[in-house]
Amino acid sequence: MITLQPFDGELERDEDYTGIHLDGGEFDDAEAGNTRFDECAFTATTFTGGDLGSARFADVRMTRTRWIGTTWSEADLLDVTITDSVLAGVQAHGGTWRRVVLQGCKLDSLNLRATRLHDVDFRDCDLTEVDFGSATLTGVTFPGSTISRARFTRAAVKKLDFRKARSLDVAEGWDFLRGAVIDHDQLLESAAALAQTLGIQVRDR
């Protein structure tokens, strides 16, 4: 990792940022689409609204950041670590996430529709109403995470492993999770939803 330089200016579209450190700043409605961040760090930084569509994040660390209603559509994340952060209402559809680790994050209404996720770990995260519809999930895990009302409609999965998740609540798309791995307790917890998906009626008498 190169020596990071403090950055306290305004982000701009179509720029290449290398080795910068955004520390403690607040960005409202930032227009930084098609921007490239290489070997950068974001610390205690808040983004409210704004557009980072088609941005590229490579070898980037985000720590204690807040992203509220920001657009990440068609963004590429490569070798990115996001720690103790909040992504709420972020529109991250249609992008590519490769070798990404999210640790201790709160993800609320995160839109990952049609995003390609390869080797992505959600560790000790709280996922609420995250939309994986039409996404491609390869080598994705959820150790220690809580998953609530997730959507997987028309998702394509390979090596998708839920076994170490603390809880698993799928609102839509059980029928598109063929090949995913769950544990015995998760199977019991999800039995009613699976039966409903398969059209099986459960009656005691």
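Is aspartate 16 buried or exposed?

1. Start with that residue. Aspartate 16 is exposed, and its relative accessible area is 59%. Exposed means over 50%, so 59% for aspartate 16 passes that mark. Look for aspartate 16 in strand β2, which covers residues 16–18. Keep in mind throughout that this is a predicted model.

2. Aspartate 16 also belongs to a group. A patch of negative charge sits on the surface, made of Glu10, Glu12, Asp14, Glu15 and Asp16.

3. Next, the rings. The structure contains 18 aromatic pairs. One of them joins phenylalanine 42 to tryptophan 67. Phenylalanine 42 belongs to strand β6 (residues 41–43) and tryptophan 67 to strand β9 (residues 66–68). The two are 25 residues apart, so the pair links distant parts of the chain.

4. The cut-off for buried is under 20%.

5. A second pair is arranged in another way. Phenylalanine 122 and phenylalanine 132 have ring centres 6.2 Å apart. Their planes stand at 85°, so this pair is edge-to-face. The cut-off behind that label is over 60 degrees. Phenylalanine 122 is in strand β14 (residues 116–123). Phenylalanine 132 is in the loop between β15 (126–128) and β16 (136–141). Ten residues separate them, and the pair links distant parts of the chain. Phenylalanine 122 is buried at 0% relative accessible area. Phenylalanine 132 is buried at 1%.

6. Some rings gather into a cluster. Which residues form it? Phe7, Tyr17, Phe27, Phe37, Phe42, Phe47, Phe57, Trp67, Trp72 and Trp97 make up one aromatic cluster.

7. Now the charges. Side chains of opposite charge can pair when their charged atoms come close. The structure holds nine salt bridges. Among them is the one between aspartate 131 and arginine 113, at 3.4 Å from N to O. Aspartate 131 lies in the loop between β15 and β16, and arginine 113 in the loop between β13 (106–108) and β14. The pair therefore ties together parts that are 18 residues apart in sequence. Aspartate 131 is buried, with a relative accessible area of 15%. Arginine 113 is partly exposed, at 35%.

8. Two further salt bridges deserve a look. Aspartate 121 pairs with arginine 123, and their closest N and O atoms are 3.2 Å apart. Aspartate 121 is buried at 18%, whereas arginine 123 is partly exposed at 33%. Aspartate 161 pairs with arginine 163, with the closest N and O atoms 2.7 Å apart. Here aspartate 161 is buried at 18%, while arginine 163 is partly exposed at 44%.

9. Where is cysteine 40 found? Cysteine 40 is in the loop between β5 (36–38) and β6. This residue is buried, with a relative accessible area of 0%. Cysteine 40 and aspartate 59 are 19 residues apart in sequence, and their C-alpha atoms are 7.0 Å apart in space.

10. Finally, the backbone. Most residues other than glycine have a negative phi. Aspartate 119 has a positive phi of about 55°, although it is not a glycine. Aspartate 119 sits in strand β14 and is partly exposed, at 44% relative accessibility. Aspartate 124 likewise has a positive phi, near 55°. Aspartate 124 is placed in the loop between β14 and β15. At 46% relative accessibility, aspartate 124 is partly exposed.

Technical notes. Residues are numbered from 1 along each chain as its sequence is written. This is a predicted model: local features need pLDDT of at least 70, side-chain atom pairs count only at pLDDT 80 or more; totals for chains, interfaces and linings use all residues. Side-chain values use heavy atoms; hydrogens and water are left out. Rings of Phe, Tyr and Trp (its six-membered ring) pair if their centres lie within 6.5 Å; planes under 30 degrees apart count as stacked, over 60 as edge-to-face and the rest as tilted. Helices (H or I, at least four residues) and strands (E, at least two) are DSSP runs, numbered from the N terminus. Buried means under 20% relative accessible area, exposed over 50%, partly exposed in between (1.4 Å probe, protein chains only). Patches are made of residues with over 30% relative accessible area and no salt bridge: like charges are joined within 9 Å, nonpolar side chains (Val, Leu, Ile, Met, Phe, Trp, Tyr) within 5 Å. Accessible areas come from the Shrake-Rupley method with a 1.4 Å probe; for residues, only the protein chains shown count as cover. A salt bridge is a side-chain nitrogen of Lys or Arg within 4 Å of a carboxyl oxygen of Asp or Glu. Lys and Arg count as positive and Asp and Glu as negative; His and the chain ends are not counted. The place of a charge is taken as NZ of Lys, CZ of Arg, CG of Asp or CD of Glu.
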